[in-house]
Amino acid sequence: MFTAEASQRMFHVDRNLDYESVIDGDHHESWGCSPVCPAIVRVHTEMPAQDVPLHWHLGSELIYPRHGRVMLFIDGQEVTLNDGQLCLISPKSLHSIHPEPYEDGQCCLSITFDGEYLSRLNPGLSNRHLLQGVPLGRDCEHTADELVELCERIIECTYDESDMQLIRMNALLFTLLCHIDERWVVDDNTASGGIAFGDIQNITEYMSTNFASGVSIAQIAQRFGYSREYFSRMFKRCAGVTPDQYLTEIRLQSSVDDLLNGDFTIAQIAQRNGFSHPRSLARAFSARFGMTPAAFRRLYRGDRVAAVNESRAEEPISEHVTK
């Protein structure tokens, strides 16, 4: 039976969610399948705003900040959305979400389609490649008026307390899904700059699965049948960043999780996440976050014991980075 409590979990949220518990070691996020709805719909109004760690899922996703800004990292590309704009994310794309609310709060709609549910209706729906990483809506090249209107109606429906809420929500979600499929799908068989979208999908999935092994870009290129130089050039043309930057970002995001939630030394974190040496981690981390891993842990964990251990064991690394 679909209860009011289940509806509240599926259609609205004003509190922090435990994303770590539903994201596995391969960054796959799964909240479980609903037998009655094709998507999880959430209107985020919670303050402080909550970041969503690097993850992927079998269904496509839509992010629409009605009030506030959102920064996303999608398959190596950084995208910033202002209020009134939205962004689509293809199935299986690796991404993280970072809200930037205004002083008076936020209102951000996220719709994550259930890939397993939709695959039972149409197997092709879990392999659609969307026009992702492109802001749509207000002040954008693509105004996407119908998409914006559907988002507004879905937000309104999340607050519907009638016994018709589920039926109305399903009608809106299937309308949204059909509109996306008709208007915002790119050709799966089209090669972008020499590497097909399907290849990029497989390559990024391989990176997200094997980053901790220390695999190199040359090895990845060879595995997928490309020369190192061609692979780097074409990957950047498709993804907007070099494969080195993309792979490093995955390793850094995983390292951040270890720093915040584990008791590993910096040397152990470097090894666990595929960095060739602690100094390599420190250099990349400092370039990305403006501080060493040890300083990051002290700032965000306040773990005095860990800080003392790190300052004793890793001072040479910090000195090396800052010189």
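The secondary structure of the protein comprises 12 helices and 13 strands, taken as DSSP runs numbered from the N terminus (helices H or I, at least four residues; strands E, at least two). The structure is a predicted model, in which local features need pLDDT of at least 70 and side-chain atom pairs count only at pLDDT 80 or more, while totals for chains, interfaces and linings use all residues. Residues are numbered from 1 along each chain as its sequence is written, and side-chain values use heavy atoms, with hydrogens and water left out.

The pLDDT, the predictor's confidence in each residue on a scale from 0 to 100, has a mean of 84 over the protein, and 87% of the residues reach 70 or more. Confidence is highest in strand 3 (residues 61–67), at a mean of 97, and lowest in strand 12 (residues 191–192), at 42. Over residues 188–193 the pLDDT stays under 50, and the model has 12 contacts for this stretch beyond four places in sequence, a contact being heavy atoms within 4.5 Å. The pLDDT is also below 50 over residues 312–323, which have 14 contacts in the model beyond near neighbours in sequence.

Of the 323 residues, 50% count as buried (buried, under 20% relative accessible area; exposed, over 50%; partly exposed, in between; 1.4 Å probe, protein chains only). Among contacts with a separation of 6 or more, 73% are between residues 24 or more positions apart. The protein exposes about 15600 Å², of which carbon and sulfur atoms supply 48%; accessible areas come from the Shrake-Rupley method with a 1.4 Å probe, and for residues only the protein chains shown count as cover.

Helix 11 spans residues 293–301 and includes leucine 299. In this helix Pro293, Ala294, Phe296 and Arg297 are buried. These residues lie on the same side of helix 11, because they cover an arc of only 160 degrees around the axis, the arc being that of the directions from the helix axis to the C-beta atoms. Leucine 299, in contrast, is exposed, with a relative accessible area of 54%. Together with Leu260 and Tyr300, Leu299 forms a nonpolar surface patch of about 310 Å² accessible area. Glycine 302, with a positive phi near 60 degrees, follows helix 11.

Histidine 129 is located in strand 9 (residues 129–130) and is buried, at a relative accessible area of 10%. The C-alpha atoms of histidine 129 and tryptophan 184 are separated by 8.7 Å, although the two residues are 55 residues apart along the chain.

Notes
Patches are made of residues with over 30% relative accessible area and no salt bridge: like charges are joined within 9 Å, nonpolar side chains (Val, Leu, Ile, Met, Phe, Trp, Tyr) within 5 Å. A salt bridge is a side-chain nitrogen of Lys or Arg within 4 Å of a carboxyl oxygen of Asp or Glu.
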